[in-house]
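Here is my note for your first pass through this entry. Keep the structure open while you read, and take the points in order.

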Amino acid sequence: MALPKYTEPHYRIWHYVYIFICTCVFFFLIAPLFVIFPLSFNAEEFLSFSEGMKNLDPDAFSLRWYKDMIYGTKNPWGLAAKNSFIIAIFATLGSVLLGTVAALGLSSRHMPYKGLIMATLISPMIVPLIISGVAIFFFMAKAGLAATHTGIVLAHIILGTPFVVITVTATLSGFDHSVTRAASSLGSDPVNTFMKITLPLILPGVISGGLFAFVTSFDEVVVVLFLAGLENTTIPIQMWTGLREQLSPTILAVATCLIILSTLILVTAELLRRRSERLRGINR
Amino acid sequence: MSSETGKILTTDGIPLEVSLKKAERKNKIKAFLLVAPLLLFLLITYIFPIGDMLMRSVDDKMVTEMLPKTFKSMEKWDGNEMPPEEVFEAFYLDFQKLVEEKRDGKLSTQLNYTKNGFKSILKKLRRKAKNFEEGNYKEQIMAVHKRWADVEYWRAIKRRAPAFTSAKYLKGMDMYKNEEGEIVSVEEDRRIHRVLWLRTLEIAFFVTLLCFLMAYPIAHLLATLPMKYSNLLMICVLLPFWTSLLVRTASWMILLQQQGVVNDFFVMIGLVADDNRPEMMYNKTGTYVAMTQILLPFMVLPLYSVMKTISPSLMRAGKSLGGTPFITFWKVYFPLTIPGIGAGCLLVFILAIGYYITPALVGGASGTLISNQIAFHMKSTLDWSFASAMGLMLLAGVLAIYWVYNKLVGIDNIKLG
């Protein structure tokens, strides 16, 4: 963003101040994440940079905490990771299924009480998690699903569907309904039309909604804290316990893995968004 | 010509109007059936349980059910003087039944909530009641402890007769109904909940303000930079957005601790002495810093999506008409971004007001919010009805803001990423 040559000096100064402020904010946003990387390779048990690390001494770095994360005795991370993935995958499938179907209905111009129903379907995203947690806990306790995987999966479906509903409705807003009418006039039944015509076109929206649902489930801790028993521990629960009791560098190793995972998800989501914009003919 | 013949008929001979209406209704039902599974699922697992919270928060049946005979006999008692013999007899019978069922401990806890001092006298009553003789229970009970002869304690029991109560809501605002039934505040030094509510509002407000002040310039930069640079910078906004909340909180715990990176840096540049490192975590500072960074993307994204739609030619037009850059910005650009500001601020405020994890980890005692209190009552004191009441008070506030948000921005316009 170069300034034109005729810019007056005080605007020039203001411009540099502006750039400086922006740099600081970006630094504030992203820098904390990068502290975790080097510290997770710390050879010592402290959570600050040792003298050796500051001098880039190779002996000060080690994979000790990663080994501890994977092989450590009585380490809960293996079970937690397994549970987290199982729960997140089922919760995502459930959210995508229910959310996409609901979004199809909501996008129909015949939908009665659209505003009210939309507000209800989105509500788990707006209501503070702690309240959702209490409410869902009461339900699961009554239904006998507390401390079961099923209960947690159902809870995460509740929390994940709003994202799917929003992304799929957004994709459908640019959807040309004449293609489905064309399919019907050519003799296709509704299910076939959906599978062959609608679904491929809205797929980017569905997948990005699914990614949101996955991340929501994978990262969710408030509701799980109410629901989980010892058997259902998840990565966020283990992190929460670890952070409350003692910050060990093993947590940083886990955190590093999670950052890598989120980077992968971010890249996927970005690619999908661009593809979806291309498909919908939004050129920028 | 009669109106009957004027109607257009379909090939089946049905009037077109009727036929269209039928088709319309069919479409409506079809659309509704698609939404129905999710709606039903949410109603059962989510919306009704919130209603259940409402029931729990006003429910006071426990004591009502434990002392059925007592409350029945108390109906005729005006509460001015000591209750008559029949009340004592009914109370004795109810109490003996509870002792048999081993539920007298619950009663004493409950009555102790209403008035302090019930615990010990109920214990004493249980011991003595074994040797009670039949008849004249009034004298026998009054002889157990002098508090049993105090009419205040009998009035306290009577106050628990209704099956519903607003006590939990009053408690959430540090108020209670005194013996005369007036609503009064608790003593000044015990008003913990009001402090929490105010602190929650304060922190949510300032976090929103800080987020706005930080997000505005960078959203502007992102919206005005050429695509190839802005895409790269956008990652700086989106990566934290997609990263686990706990990871981000953990990174702040590392940064802000006394031997942490920020303090190390302050010592290095000589801002603070090595032996006098400031406490930046487990207090309000920690909550502010961490929450601002965590919620910042939620402010940047709506601002960015609004700024992206503002044509740069508007600014050029303003300048060519003689406006200085500042005037043009203030009179042209800023007003156009107000929808984005509204959306971002309301979103961040709603999220901040119900925040739980981050304050619990970095907030210490002085940086915790109302959510932490709710969790505390859910897990530690197990006073679920109080937790429900507090939760619903918070929910009412959030829904009010949500309503404003819906009016201003429209729920359909929420953008994700």
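1. Start with the domains of chain B. Chain B is divided into domain 1 (3-58), domain 2 (61-163) and domain 3 (193-413). Keep in mind that this is a predicted model. The bounds are those of a domain assignment, automatic or from a database.

2. Now look at two of those domains together. The C-alpha centres of domain 1 of chain B and domain 3 of chain B are 40 Å apart. The two domains do touch: four residues of domain 1 of chain B are in contact with six residues of domain 3 of chain B. On the domain 1 side of this contact, two residues are nonpolar, one is polar and one is charged.

3. Chain A has its own division. Its assignment gives domain 1 (9-66) and domain 2 (80-279). Their C-alpha centres lie 33 Å apart. Ten residues of domain 1 of chain A and eight residues of domain 2 of chain A make the contact.

4. Which helices of chain A supply at least two residues each to the side of domain 1 that touches domain 2? They are helix H1 (9-40) and helix H3 (64-71) of chain A. H1(A) gives the most to that side, with five residues. By class, the domain 1 side holds seven nonpolar, two polar and one charged residues.

5. Turn to helix packing inside chain B. Helix H5 (residues 85-100) of chain B packs against helix H7 (residues 118-129) of chain B at an angle of about 90 degrees. Their axes are 11 Å apart. H5(B) is therefore roughly perpendicular to H7(B), because angles of 65 to 115 degrees count as roughly perpendicular. From H5(B), the contact uses B:Tyr92, B:Phe95, B:Gln96 and B:Val99. From H7(B), it uses B:Leu125, B:Arg126 and B:Ala129. The contact has five nonpolar residues, one polar and one charged.

6. A second pair in chain B is H11(B) and helix H17 (residues 325-353) of chain B. At what angle do their axes cross? The crossing is at roughly 140 degrees, and the axes come within 9 Å. H11(B) passes H17(B) in a right-handed crossing. On H11(B), the residues are B:Thr200, B:Ile203, B:Ala204, B:Val207, B:Thr208, B:Cys211, B:Phe212 and B:Ala215. They meet B:Ile341, B:Gly344, B:Cys345, B:Val348, B:Phe349, B:Ala352 and B:Ile353 of H17(B). This contact has twelve nonpolar residues, three polar and no charged ones.

7. Chain A has a helix pair to set beside these. Helix H8 (residues 178-185) of chain A and helix H9 (residues 190-219) of chain A pack at about 140 degrees, with axes 10 Å apart. H8(A) passes H9(A) in a right-handed crossing. A:Val179, A:Thr180, A:Ala183 and A:Ser184 of H8(A) make the contact with A:Thr193, A:Ile197 and A:Thr198 of H9(A). Three of the contact residues are nonpolar, four are polar and none is charged.

8. Last, confidence. The mean pLDDT of chain B is 85, and 96% of its residues reach 70 or more. Where in chain B is confidence lowest, and where is it highest? The lowest is helix H1 (residues 3-6) of chain B, at a mean of 54. The highest is helix H11 (residues 192-224) of chain B, at 93. The model as such scores ipTM 0.86 and pTM 0.84.

Terms used:
Residues are numbered from 1 along each chain as its sequence is written. Chains are lettered from A and ligands numbered from 1 in the order in which they are written. This is a predicted model: local features need pLDDT of at least 70, side-chain atom pairs count only at pLDDT 80 or more; totals for chains, interfaces and linings use all residues. Axes are lines fitted to C-alpha atoms, for helices over the stretch in contact, and angles run from 0 to 180 degrees between N-to-C directions. Helices (H or I, at least four residues) and strands (E, at least two) are DSSP runs, numbered from the N terminus. Angles under 35 degrees count as roughly parallel, over 145 as roughly antiparallel, 65 to 115 as roughly perpendicular and the rest as oblique. Two residues are in contact if their C-beta atoms, placed from the backbone, lie within 7 Å. Ala, Val, Leu, Ile, Met, Phe, Trp, Tyr, Cys and Pro count as nonpolar, Asp, Glu, Lys and Arg as charged, and the others, Gly among them, as polar. pLDDT is the predictor's confidence in each residue, from 0 to 100. A crossing is left-handed if the near helix is turned anticlockwise from the far one by less than a right angle, and right-handed if clockwise.
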